[in-house]
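Dear colleague,

I am passing on a model that I have been going through, with the sequence and coordinates placed just below. My notes on it follow, and I would be glad if you read them alongside the structure.

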Amino acid sequence: MATKRTRPTRPKESPYEKVSATLERPVLREIREKSANVSEFLNEAAKDKLYFERVREGIKQLRRQGVREDPEFRRRLEEALDEADAWRRERSRAPQ
Amino acid sequence: MKEVLLDTGALIGLQRDRRAFLGLLGSVDRRGIQLRTSPAVLVEFLGGSPRALRSASDWLMSFVEVGTVDEMIGRRAATLMRASLDGSTQASPGAIDALVAAEAERRGCEVVISGDRNDFDALATASGRFKVIDLEDVVAP
């Protein structure tokens, strides 16, 4: 019975380098803190993205149900939000 | 990320007026605003929702992020409530309104959309850190 020959496979090149290093504790602590902040930032960004996807889905659902936007409501709300923005800018410029 | 807080009155108003809610969601999307509220409002709105409107209330609340209540926010809410009661004869904000105001301060939200202008104006004056938009003022008469 003939045995099937298999071609030796080449090890795939990894895009990452394996590095080992010895670090002083304060440096290691700083690296850990910074990478924790990055993952927190990425988590927040992913959460925000999901929130706005949900909002757009809600808009579509309401439109499918025949709800139409009220242009007057939109104008008044945008005006009120612009006023609040102007107040916020004014407040942030004022000396604390 | 800008955030806007909603009180129970605003949530009830938005549930009744779906055109207004569609308009608000449009502004949320365009401006990159997130809707938020206090857990106390969540209890009042969902718990007090009539049986026939429960699923609609749950659906509406799915667009609103909810904060937390701890001792610090409770104490700040009490301070704001006292200052509002002392500063105005017209207003009588309750604990839930005061928790919304304290949550607005904690999150740095500068806008509270309310269904109860008197009470929230008094809380906003006591705080000095947020503005009130009365839903009745923006809903078409």
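In strand 3 of chain B, B:Val66 is the bridge partner of B:Thr37. Helices (H or I, at least four residues) and strands (E, at least two) are DSSP runs numbered from the N terminus, and two strands count as paired if DSSP finds at least two bridges between them.

Before going further, please note that this is a predicted model, in which local features need pLDDT of at least 70 and side-chain atom pairs count only at pLDDT 80 or more, while totals for chains, interfaces and linings use all residues. Residues are numbered from 1 along each chain as its sequence is written, and chains are lettered from A and ligands numbered from 1 in the order in which they are written.

Strand 2 (residues 33-37) of chain B pairs with strand 3 (residues 65-66) of chain B in the parallel sense over two bridges, and strand 1 of chain B also runs parallel to strand 2 of chain B, to which four bridges join it. Four of the five residues of strand 2 of chain B are buried, so this strand is largely enclosed by the rest of the structure; a residue is buried if 20 or more other C-beta atoms, placed from the backbone, lie within 10 Å of its own, exposed if 12 or fewer, and partly exposed in between.

B:Glu3 lies in strand 1 (residues 2-6) of chain B, and its bridge partner in strand 2 of chain B is B:Gln34. B:Glu3 counts as partly exposed because it has 17 C-beta neighbours inside 10 Å. Leaving aside neighbours within four places in sequence, B:Glu3 is in contact (C-beta atoms, placed from the backbone, within 7 Å) with B:Ile33, B:Gln34, B:Arg36, B:Arg107 and B:Cys109.

As for the chain overall, chain B has eight helices and five strands, which run β-α-α-β-α-α-β-α-α-β-α-β-α from the N terminus on. The C-alpha trace of chain B spans about 35 × 30 × 30 Å along its principal axes, and 46% of its 141 residues count as buried.

Not counting residues up to four places away in sequence, B:Val112 touches, among others, B:Leu5, B:Val100, B:Ala104 and B:Phe130.

Helix 6 of chain B has 13 residues and reaches 18 Å from its first C-alpha to its last, close to the 18 Å expected at 1.5 Å times one less than its number of residues. Its buried residues include B:Ile96, B:Leu99, B:Val100 and B:Ala104, and just after this helix B:Gly108 takes a positive phi of about 70°.

Finally, 23 residues of chain B are in contact with 24 residues of chain A. Helix 2 (18-31) and strand 5 (131-134) of chain B each supply at least two residues of the side of chain B that touches chain A, and the largest share of that side, 12 residues, comes from helix 2 of chain B.

With best wishes

Conventions:
Two residues are in contact if their C-beta atoms, placed from the backbone, lie within 7 Å.
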